[in-house]
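This report describes a structure in plain terms. Please look at the sequence and the 3D view first, then read on.

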2 protein chains.
Amino acid sequence: MISKLPSHIVIREVGLRDGLQSLQTIMPTDAKCAWIRDAHAAGLREIEVGSFVPPRLLPQMADTVEVVAYAKTLPGLQVTALVPNVKGALRAFEAGVDHIVLPISASLKHSLANVRRTPLEMMDELRAILDERRNAGATTRVEAGIGTAFGCGLQGEVAPDEVIGLMETALEAGADCVSLADTIGYADPARVRSLFERAIGLAGARFWCGHFHDTRGLALANVLAALECGVARFDASLAGIGGCPFAPGASGNVATEDLAYMLASMGLPTGIDIEALLRLRGVVASQLPGESLHGVIARAGLPRIAPFQAASH
Amino acid sequence: MISKLPSHIVIREVGLRDGLQSLQTIMPTDAKCAWIRDAHAAGLREIEVGSFVPPRLLPQMADTVEVVAYAKTLPGLQVTALVPNVKGALRAFEAGVDHIVLPISASLKHSLANVRRTPLEMMDELRAILDERRNAGATTRVEAGIGTAFGCGLQGEVAPDEVIGLMETALEAGADCVSLADTIGYADPARVRSLFERAIGLAGARFWCGHFHDTRGLALANVLAALECGVARFDASLAGIGGCPFAPGASGNVATEDLAYMLASMGLPTGIDIEALLRLRGVVASQLPGESLHGVIARAGLPRIAPFQAASH
């Protein structure tokens, strides 16, 4: 098994988007930029810095243009943003975002609640976004993120065939890459393996990312199962903040620092300095008083063994 | 991979021993018996009900004889107890315990702190226990539990060769079965796979149990890695209580209800009624005011999908 694991893993930080959008606190632009600066300094090279949604719906994301502008000054950083539709994508192209994620919920009920469109209407949106990218001559990478891929708190079951069917449609429409998201923490390692194997069989090198929430404590076990399928990129959120405003009972994403710790323990390189990440977590936590933070390694500390040993003295 | 997974998994409840021994609260005998009764009713068939240690060291375990006597009235229950030495084993034989666990720390420093003996002195203890069992004509199964198998907060590194060497010695001495314990939560899935593969290669059917603490959030991922090696029995503690009084920074065992949830999600039968277990958790939690409880599924609730769907309405 171990020889099958990818030789380098990318953690994409989504705390500034998936995390902050679900909190009451509205983090000031300066604080977001400092977070991005320090995350980049700690070794993160892909950061979802915000989303292009109407500010009246998500005031936490109102400054995404400014945050993108700052993030683009950092060398080697893939600046990512979520867009719910063509209008958001146009703003993202104009802002010079490197990579956009269009969320496509496999659950009809969640899709309607989250973006007021059916999954198939979102496919039309995807095609329109790809057209507009061509018209604009933009080079932004377009990812179709298939969400609620393991079920949905509003609807219950989501059939794997529907998830794979949507992924196939997105690939045929011309999405550069596709991802699977367990938006509300319903996945388990057996179903992760089964669905991710099908997804990778379909998408090949265009499979991009695994996105797991730790609502029921299985996020790291699910990451392990996906790793064993060859997935080499995972979303994570500093201090495990996050959730989904339209997914009842969802709690945070897998915590960036816990995921970085697991991968480092396993000898899988991510390029991340975990101690720098833990210091950043402390700063961000101090800016989010009263919010629910998650994550275990910040409380327990790094173990007194390699590769962490030097850190413990 | 999935076809390799064991077809039935046993969860051994250790909350009454590994859990309660680490708490300030001394649970009354009646409450312990009610816990055992309800755990048995929820489908658990192996319970470590206490330990035979001097009451002045662990007053929480002073009533183990009475608790064993009650547990033995429950049909089909394998009544298990920890013993630190021959003296404890003699008391366990006399009480009619079905199965005893002798902890053998691979970390010299932890072994001295925990049982005031070196690992090799514990091997002498194991041989003496097996002699006394013969003399007593007892049928109690004797397990050598190799602890701090992935490192130790006191000593740091523990060499896998030392762990495997101790296991080999225990098997040669005649232990009925052997186990591996990550006493303080240092394990990761890659090292779990590597060490458990060696252990199972050595012990074969005499390999008994995996014991993981969730100190750094990896317990369920580690269980998954061990499952994939063919391990079919895991220790767990209701509400994740536990730790080790002589292992600084250790926190609870993997929570019984979270482990049962993961296995049920994966379609792996354990015979456990998770809803009954969650009700029992509520009762036990109410008896442990002020103590740190863990576990995620009790907070998040079961998902609205099979095999939990019927339960959510």
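Copies are superposed here by least squares on the C-alpha atoms of residues with pLDDT of at least 70 in both. Two copies of a chain are related by a rotation about an axis and a shift along it. Chain A is superposed on chain B by a rotation of 180° with 0.0 Å of shift along its axis, at an RMSD of 0.0 Å. That is the relation of a two-fold axis. The C-alpha of Ala221(A) is the one in chain A nearest the axis, at 2.0 Å.

The model is predicted: local features need pLDDT of at least 70, side-chain atom pairs count only at pLDDT 80 or more, and totals for chains, interfaces and linings use all residues. Residues are numbered from 1 along each chain as its sequence is written, while chains are lettered from A and ligands numbered from 1 in the order in which they are written.

**The chain**

Chain A has twelve helices and eight strands; helices (H or I, at least four residues) and strands (E, at least two) are DSSP runs, numbered from the N terminus. Its C-alpha trace spans about 55 × 45 × 35 Å along the principal axes. Of its 313 residues, 57% are buried, meaning that 20 or more other C-beta atoms, placed from the backbone, lie within 10 Å of the residue's own.

**The interface**

Two residues are in contact if their C-beta atoms, placed from the backbone, lie within 7 Å. By this rule 38 residues of chain A are in contact with 38 residues of chain B.

The side divides into 19 nonpolar, twelve polar and seven charged residues. Ala, Val, Leu, Ile, Met, Phe, Trp, Tyr, Cys and Pro count as nonpolar, Asp, Glu, Lys and Arg as charged, and the others, Gly among them, as polar. Because 100% of the interface residues of chain A are also interface residues in chain B, the copies meet through the same surface.

Ala225(A) is found in helix α9 of chain A. Is Ala225(A) buried or exposed? Ala225(A) is buried, because 30 other C-beta atoms lie within 10 Å. Leaving out residues up to four places away in sequence, Ala225(A) touches Pro189(A), Val192(A), Arg193(A) and Leu224(B). Asp188(A) is 37 residues from Ala225(A) in sequence, and their C-alpha atoms are 8.8 Å apart in space.

Terms used. A residue is buried if 20 or more other C-beta atoms lie within 10 Å of its own, exposed if 12 or fewer, and partly exposed in between; C-beta atoms are placed from the backbone.
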